[in-house]
Amino acid sequence: MAIVRIPLYLENQERSASSGKGPRMLNCFPEILSNKEKDNAEANNYIMVKRPGIVLHDDVTAGASTARGMWTFNGVLFSIFGNTVYKDGVALATTMDDATGRCYFDDMGGSVPRLCIQDADNGLLYITNAASTDIVKQTDAQIPTSMAAGVVVLDGFILIADTNGSIFNSNTAGGFTGDQSAWAADNFVVSEVLPDDITALRRHSNYAVAFNERSIEFFFNNGDATGSPFNRLDGTTNLMGCPAGASPVNCDDEMVFVGQSWTGGRSVNLMKGFTHKRVSTQIIEEYLDAEKDNIANAHAMYIRTMGHRFYLLTLPTTADTTLVYDLDEDVWHEWTSGDLVSKFVGMYAAIDVGKVLVQHATDGKIYELDPAIYQDIGAAINLRFQTKQTDGEVNQAKFCSRLELIGDRETTSANVSISWSDNDYTTYNTARTVDISSVRRTLLRLGAFERRSFLVDYTGNTPFRMEGLELNVRRGHYGQT
């Protein structure tokens, strides 16, 4: 009688983005259990942990409203729902031109700190300081009316880009105390290594980065006395485009974004300095490719919690899913809300007084992401593991007399459902349950199989820290059933 341990840590390896066949992890993530280097660690050295839940932080609008962005500035939380800007939940007097579309933020210090807000693609506003009760729209004729995604503050300048490839900067006479509402006609530089349009503008370290359709260019303050002081940093251009302007996100000193090669293949990439590396897997890239032109609707946010750094990429159109990359463990999983097929409800993230906050996409509320909360807004988090098929490296009949769920024992009683498929993920038996508070979480008499995959589901309002499934298996003979 052989004892076999099947790890729950199995990075998402579906055969295709729509097959539903293959290993998957939903609403959980791995933590290493040993001091081994990751490249040398076996899957059994990982424990699977339930993701944090969300609990109400502020009912900002007291009704459904479209989330558009959130930013912490000088200890004050600014959020935008519809066409209204809220400061710590209190509406400011002046409204924005648009009521939909993603807003982008950056801020500057100095004696007159300013928060800059890009209103979707056709307006730039800023708040003079955190004590202000109003927003002031920039109306200079030199400000483009069709903007690429993003506003950057660098060396006291405000930078924005139009979609045709030009990057404009404000005047800065007097440095940080100057009048950033003035924009000279010749204060622009062109991203022109390739004849492609800008999709996004971001700050990375002390550079402004233009993400174009087929390239990435870096710009720095060269101090030129006439025209724009910004020049392209030659020799750093990357021949990788960005088809999703809301996907580039600063993750501490790194940046993660959706890239697209000249040949059309898409990937998720991590940038540090002037170089980037591919971090997406084959199945993640199948998801990206399946979006086709809808990839332009993809958006991302960055969350740091429970000792992990997560890049959450939501594909809201075709896939309707949120793919999560753990920068520390270099592994992908998925987050859903309410069920196992819908994307995570959080649209934007910010830190406020040490709390990780997420802005709900539609209900007008801000929630706290709390590792001590095991539900989303009082509703169950559906945690699921779908394992690979196991056959003991021999495709002949096997008989399973015992299965035990290995991991932490909880004090509160709640059922873990376990089912299995012997026909290539096509159908599963009626689920059987084990109590997460039991000393031994064991099932007996699991029948015969040649190749078997397992499905572990958990919706209990408790922590979940599990390592794997332990099986007692006896090998039969060829042809025996």
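# Strands, cores and salt bridges

Mentor: Let's start with strand S3 (residues 28-32), which is joined to S4 by five bridges, the two running antiparallel. Mind that this is a predicted model, in which local features need pLDDT of at least 70 and side-chain atom pairs count only at pLDDT 80 or more, while totals for chains, interfaces and linings use all residues. Residues are numbered from 1 along each chain as its sequence is written, and side-chain values use heavy atoms, with hydrogens and water left out.

Trainee: What makes S3 and S4 a pair?

Mentor: Two strands pair if DSSP finds at least two bridges between them. S3 and S4 have five bridges, so they pass that test. Within the pair, phenylalanine 29 stands opposite valine 49 of S4.

Trainee: Why is S4 called largely enclosed?

Mentor: Because five of its five residues are buried. Buried means under 20% relative accessible area, exposed means over 50%, and partly exposed is in between (1.4 Å probe, protein chains only). Tyr46, Met48 and Lys50 point one way from S4, Ile47 and Val49 the other way, and all are buried.

Trainee: What makes a group of residues a nonpolar core?

Mentor: They must be buried Ala, Val, Leu, Ile, Met, Phe, Trp, Tyr or Cys residues, joined through side-chain atoms within 4.5 Å. The largest such core has 30 residues, and Phe385, Val416, Ile418, Phe454 and Leu469 touch the most other members. Two or more residues come from each of strand S4 (46-50), strand S35 (383-386), S36, S37, S41 and strand S42 (465-475). S42 gives the largest share, four residues. Another core, of 23 residues, lies apart from it, with Val279, Tyr287, Leu327 and Trp332 among them.

Trainee: Why do arginine 309 and aspartate 252 count as a salt bridge?

Mentor: Their side chains meet at 3.7 Å, N to O. A salt bridge is a side-chain nitrogen of Lys or Arg within 4 Å of a carboxyl oxygen of Asp or Glu, so the pair qualifies. Arginine 309 lies in strand S27 (residues 308-315), and aspartate 252 lies in the loop between strand S22 (249-251) and strand S23 (254-260), 57 residues apart. Arginine 309, at 12% relative accessibility, is buried, whereas aspartate 252, at 40%, is partly exposed.

Trainee: How many salt bridges does the structure hold?

Mentor: It holds 24. In another one, the closest N and O atoms of arginine 440 and glutamate 404 are 2.6 Å apart, so that pair meets the cut-off too.

Trainee: Are arginine 440 and glutamate 404 buried or exposed?

Mentor: Arginine 440 has a relative accessible area of 56%, so it is exposed. Glutamate 404 is at 5%, so it counts as buried. Salt bridges that share partners join Arg5, Arg402, Glu404, Arg440 and Glu470 into one network.

Trainee: What about aspartate 422 and arginine 452?

Mentor: Their closest N and O atoms are 2.7 Å apart, in a salt bridge. Aspartate 422 is partly exposed at 38%, while arginine 452 is buried at 1%.

Trainee: Why are S18 and S21 called edge strands?

Mentor: Look at the open sheet of four strands with the order S18-S19-S20-S21 and antiparallel pairing. Strand S18 (198-204) and strand S21 (230-232) each have a single partner strand, so one side of each is left without a neighbour in the sheet.

Trainee: What holds S21 to its partner?

Mentor: Three bridges join it to strand S20 (residues 216-221), antiparallel. Phenylalanine 220 has asparagine 231 in S21 as its bridge partner.
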